[in-house]
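This briefing goes through one protein chain by topic. The structure comes first, and the notes follow.

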Amino acid sequence: MDDSKSKDVQEYVRLVATNERRIYGYILAMVLSHQDADDILQETLIYTWNEFDKYRPGTNFGAWAMSVARYRILDYLRNKKLERQAVLTNTLVADFHDEVRESTDDMDDYLDTLQYCVKKLNAADRTLLTERYQKNYSVKEIAEAAGVTVQNVYQKLSRIQVMLYRCVKRALAV
């Protein structure tokens, strides 16, 4: 490996190490599933590495990577066909993206605030989030266990995500 390529690798690794937690937090806030967030982060890092020659040194690598992640998140939603179920609409993703991107330096505060807002949810809503995004139960499995329709579960998830979005937005505005 020549010296210039070695320096590119070192610079890329440095930039990723500096920004990875914020990028991951942003992705996780959008998809709420650690497994899916891990996959999207990997896709984002692969893309940014493949396009690293287009990155302009001195610009905000974290913001660039989060923009890349945003498109990966939208692809994820399309592939999961969630946007048609109104779990997260493109508009909500765009709003969340703008909010998070504007406060990339405050990502730790944002993640703490999101955790605070999740704790404020009632037990049933927290259980639903846990089953769907931590235990990775399918919406169909959750609906069958609860004796409700799949659409009902999607509506509840959508309502919870909007509540979390508003809670975080309110808390960070203070």
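**A buried disulfide and the helices around it**

C117 counts as buried, because its relative accessibility is 2% and the cut-off for buried is under 20%. The model is a predicted one. C117 is joined to C167 by a disulfide, with an S to S distance of 2.0 Å.

**Disulfide**

- The count of disulfides comes to one.
- C117 lies in helix α5 (residues 107-120) and C167 in helix α8 (residues 150-173), so the pair ties together parts that are 50 residues apart in sequence.
- The torsion about the S-S bond of C117 and C167 is about -80 degrees, and the disulfide is therefore left-handed.
- Is C167 buried or exposed? C167 counts as buried, because its relative accessibility is 8% and buried means under 20%.
- Leaving out residues up to four places away in sequence, C167 touches C117 and K120.
- Y116 and C167 are 51 residues apart along the chain, and their C-alpha atoms are separated by 9.1 Å.

**Overall fold**

- The protein chain contains eight helices and zero strands.
- In sequence order, the pattern reads α-α-α-α-α-α-α-α.
- The protein chain has 174 residues, of which 43% count as buried.
- Among contacts in the protein chain with a separation of 6 or more, 69% come from residues 24 or more positions apart.

**Packing of α6 against α8**

- Two packed helices are described by the angle between their axes and by the distance between the axes.
- For helix α6 (residues 123-134) and α8, the angle is about 110 degrees and the axes are 11 Å apart.
- Why are α6 and α8 described as roughly perpendicular to each other? Their packing angle is about 110 degrees, and angles of 65 to 115 degrees count as roughly perpendicular, so the description applies to α6 and α8.
- On the α6 side, the contact is made by D125, L128, L129, R132 and Y133.
- On the α8 side, the contributing residues are V153, K156, L157, R159, I160, Q161, M163 and L164.
- Sorted by class, the contact of α6 with α8 holds eight nonpolar, one polar and four charged residues.

**Nonpolar cores**

- In soluble globular proteins, nonpolar side chains tend to be buried together.
- The largest nonpolar core has 24 residues, and those touching the most other members are Y26, I27, V31, F61 and I73.
- Elements giving two or more residues to this core are α1 (3-31), α2 (34-50) and α3 (61-80).
- Helix α1 gives the most to this core, with ten residues.
- A second, separate core has 20 residues, including L32, L111, L129 and Y133.
- L129 and Y133 of this second core also take part in the contact of α6 with α8.

**A buried aspartate**

- D36 is found in helix α2.
- D36 has a relative accessible area of 15% and is therefore buried, since the cut-off is under 20%.
- Which residues is D36 in contact with, leaving aside its neighbours within four places in sequence? D36 is in contact with V31, Y76 and K80.
- V31 is also one of the residues that touch the most other members of the largest nonpolar core.

Terms used. Residues are numbered from 1 along each chain as its sequence is written. This is a predicted model: local features need pLDDT of at least 70, side-chain atom pairs count only at pLDDT 80 or more; totals for chains, interfaces and linings use all residues. Side-chain values use heavy atoms; hydrogens and water are left out. A disulfide is a pair of cysteine sulfur atoms within 2.5 Å. Helices (H or I, at least four residues) and strands (E, at least two) are DSSP runs, numbered from the N terminus. Buried means under 20% relative accessible area, exposed over 50%, partly exposed in between (1.4 Å probe, protein chains only). Contact means heavy atoms within 4.5 Å. Axes are lines fitted to C-alpha atoms, for helices over the stretch in contact, and angles run from 0 to 180 degrees between N-to-C directions. Angles under 35 degrees count as roughly parallel, over 145 as roughly antiparallel, 65 to 115 as roughly perpendicular and the rest as oblique. Ala, Val, Leu, Ile, Met, Phe, Trp, Tyr, Cys and Pro count as nonpolar, Asp, Glu, Lys and Arg as charged, and the others, Gly among them, as polar. A nonpolar core is a set of buried Ala, Val, Leu, Ile, Met, Phe, Trp, Tyr and Cys residues joined through side-chain atoms within 4.5 Å.
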